[in-house]
Amino acid sequence: MNDERLQISWRPTIRKADGPLYLAIADAIASDIADGRLLDGMRLPPQRVLAEALAIDFTTVSRAYNEARHRGLVEGRVGQGTYVKVRRSRIARPATSGIVDMSMNLPPLFDDPALAGRLWDDMTALQAEHGLDLLMRYQAPAGTLHNRAVGATWLRPRLGEVQVERMLVCPGAQGALLAVLTSLAKPGDTICGEAIAYPGLRALAAHLGITLLGVAIDEKGLIPESFDEVCSRHALKALYCNPTLHNPTTSTLSLERREAIIGIARRHNVPIIEDDAYGALPVAPPPALAALAPELVYHIGGLAKCLSPALRVAYLVVPDSRSSVRIEGAIRATAGLASPLTAAIASRWIEDGTADSVLSAIRTETSVRQQIADRILPKGAAISDPHAFHLWLQLPQPWTRGEFSGRLQAAGIAVVPSDAFALRAAPEAVRLGLGAAATQEDLRRSLSTIADLLGQSPAASSLVV
């Protein structure tokens with residue numbers, strides 16, 4: 001015991017101003033695990049030894065170790081002491097040819113075990129923070145005031161200050177879009193969107209019996225003059241748009257176009273549904289439409305593309321309190337409520353900075369994957385943006401989108417042909433998701449297969465006999 005007192009294996013840095021000492025010690029354990037100073041299986045100092053080293057009461061250290069145990073950070077071993085809990089290693093993936101499903105538009109996996117550990121630690125910590133109530137109680141359909149306030153904090157860099165009364169927590173971006181559409185339009189009504197639009201919008205419009213019209217786009221995104229023409233010819237209930245890193249073309253509307261579209265919408269009294277799924281990815285994007293016209297725009301800030309697809313949480317900012325009541329009723333009618341558990345996880349990640357770290361890691365990995373694609377694919381073949389983890393591949397003649405995607409399917413690669421997005425005539429193009437590949441090497445192999453196929457003629461690559 002004397003040796004242990006002289007050479008204490010770990011001593012946290014804490015301050016009495018940080019709040020209850022036992023929580024400060026537990027937080028220090030979590031922080032040092034995340035930063036690699038405490039390793040899997042490492043033994044913590046005996047409680048009495050640490051209490052003497054920090055000149056605090058033994059019961060404070062005992063409470064701290066119990067708190068860390070509740071968070072899943074440590075485990076007690078009878079007769080041996082307290083140890084950093086060994087994390088299960090990732091199950092090894094079977095060897096593959098590197099061919100991947102590129103039809104899904106997922107954020108790429110980042111290689112940062114410490115950050116991955118922080119994600120899981122925060123989830124475990126919810127037990128101590130919320131107890132059984134989080135698991136066994138319903139909440140308000142649009143989230144607690146706390147979760148709504150955290151959502152406002154997350155969106156502040158893009159929207160500025162947002163009143164909590166205008167913020168709702170929704171069951172994913174698709175759930176938010178469903179709630180907005182059902183509150184703005186009824187069967188037989190008409191809305192419009194980009195001529196190449198998010199497939200989820202097309203599916204919802206068909207399901208709800210809403211007519212969906214396409215507004216022309218170019219390489220810079222939605223064309224204001226085309227939107228004005230559609231507004232003049234039709235009684236529109238809303239404009240849907242994806243103005244930043246558009247899915248699938250990756251275009252981002254300039255500030256000039258954003259202001260022009262808002263002016264047209266105001267003149268024709270057409271609400272705007274802004275799907276900002278990718279808005280957090282650029283470091284310095286143009287102002288969100290909701291920041292330019294808060295009285296007109298329903299802003300959907302999903303977390304699937306910038307934090308975690310598994311959360312199924314989106315923040316919806318509505319124009320006013322009347323809209324909030326109407327949308328909350330739509331959420332109650334269609335989904336019941338947003339998941340309290342995933343909303344709480346999202347709030348914790350945002351509040352302690354983990355979400356910002358994940359976003360930074362996604363940005364870094366996305367940049368690397370964009371560079372890989374730029375080196376492998378023929379110059380000028382793909383339209384993309386350095387901040388996007390998808391590409392819009394325009395096919396050279398005589399390739400057709402059906403034939404090209406069919407050949408890739410035969411080779412084990414799934415892509416999305418333009419038909420899935422088209423509200424007007426479909427161009428000869430396919431979308432490639434760069435994030436679905438488990439590793440950068442898998443991505444290289446798949447893109448090499450695509451590049452090889454682009455260099456062949458459809459006739460030369462045919463396997464039909």
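This is a predicted model: local features need pLDDT of at least 70, side-chain atom pairs count only at pLDDT 80 or more; totals for chains, interfaces and linings use all residues.
Residues are numbered from 1 along each chain as its sequence is written, and side-chain values use heavy atoms, with hydrogens and water left out.

**Exercise 1. The overall picture**

Task: Find how many helices and strands the protein has, and what share of its residues is buried.

Solution. Begin with the secondary structure: there are 17 helices and 15 strands. Helices (H or I, at least four residues) and strands (E, at least two) are DSSP runs, numbered from the N terminus. Next, take the dimensions: the C-alpha trace spans about 85 × 60 × 35 Å along its principal axes. Then turn to burial, where buried means under 20% relative accessible area, exposed over 50%, and partly exposed in between (1.4 Å probe, protein chains only). Of the 465 residues, 51% are buried. Finally, look at contacts (heavy atoms within 4.5 Å). Among contacts with a separation of 6 or more, 73% are between residues 24 or more positions apart.

**Exercise 2. Cavities**

Solution. Start with the terms. On a 1 Å grid over the protein atoms alone, a cavity is a set of points where a 1.4 Å probe fits but cannot get out, and lining residues have an atom within 4 Å of a point. Grid points are joined across faces, edges and corners, and a volume is the space filled by probe spheres set on the points.

Now count: the structure has three cavities of 30 Å³ or more. The largest cavity has a volume of about 50 Å³.

Move on to the second largest cavity, with about 40 Å³ of space. Around this cavity you will find E129, H130, H146, N147, A344, S347, R348 and E351. The elements giving two or more residues to this lining are α5 (113–130), α7 (145–159) and α14 (340–351). By class, the lining of the second largest cavity holds one nonpolar, four polar and three charged residues.

**Exercise 3. Aromatic rings and charges**

Task: Classify the ring pairs Y278–F389 and W392–F421 from their distances and angles.

Solution. Rings of Phe, Tyr and Trp (its six-membered ring) pair if their centres lie within 6.5 Å; planes under 30 degrees apart count as stacked, over 60 as edge-to-face and the rest as tilted. By this rule there are three aromatic pairs.

1. The centres of Y278 and F389 are 6.1 Å apart and their planes stand at 65°, so the pair is edge-to-face. Y278 is in the loop between β9 (272–275) and α12 (289–292), and F389 in the loop between β12 (382–383) and β13 (390–394), so the pair ties together parts that are 111 residues apart in sequence. Both Y278 and F389 are buried.
2. For W392 and F421, the centres are 5.9 Å apart and the planes are at 90°, so this pair is edge-to-face. W392 and F421 are both buried.

A charge sits over a ring if NZ of Lys or CZ of Arg is within 6 Å of the ring centre and within 35 degrees of the ring normal. The charged end of R48 sits over the ring of F58, 4.4 Å from its centre, and R77 lies over the face of Y83, at 4.0 Å from the ring centre.

**Exercise 4. Backbone details**

Task: Locate P248, P398, A55 and R312, and describe the backbone there.

- N247 and P248 are joined by a cis peptide bond, with omega about 20°. P248 is in the loop between β8 (236–241) and α11 (255–268).
- From Q397 to P398 the peptide bond is cis, with omega near 5°. P398 is in the loop between β13 and α16 (401–410).
- A55 is not a glycine, yet its phi is positive, about 60°. A55 is in the loop between α3 (47–54) and α4 (58–70), and its relative accessibility of 68% makes it exposed.
- R312 has a positive phi near 55°. R312 is in the loop between β10 (297–302) and β11 (314–317), and at 44% relative accessibility R312 is partly exposed.

How values were computed. On a 1 Å grid over the protein atoms alone, a cavity is a set of points where a 1.4 Å probe fits but cannot get out, and a pocket is an open set with protein on both sides within 12 Å along at least five of seven lines; lining residues have an atom within 4 Å of a point. Ala, Val, Leu, Ile, Met, Phe, Trp, Tyr, Cys and Pro count as nonpolar, Asp, Glu, Lys and Arg as charged, and the others, Gly among them, as polar.
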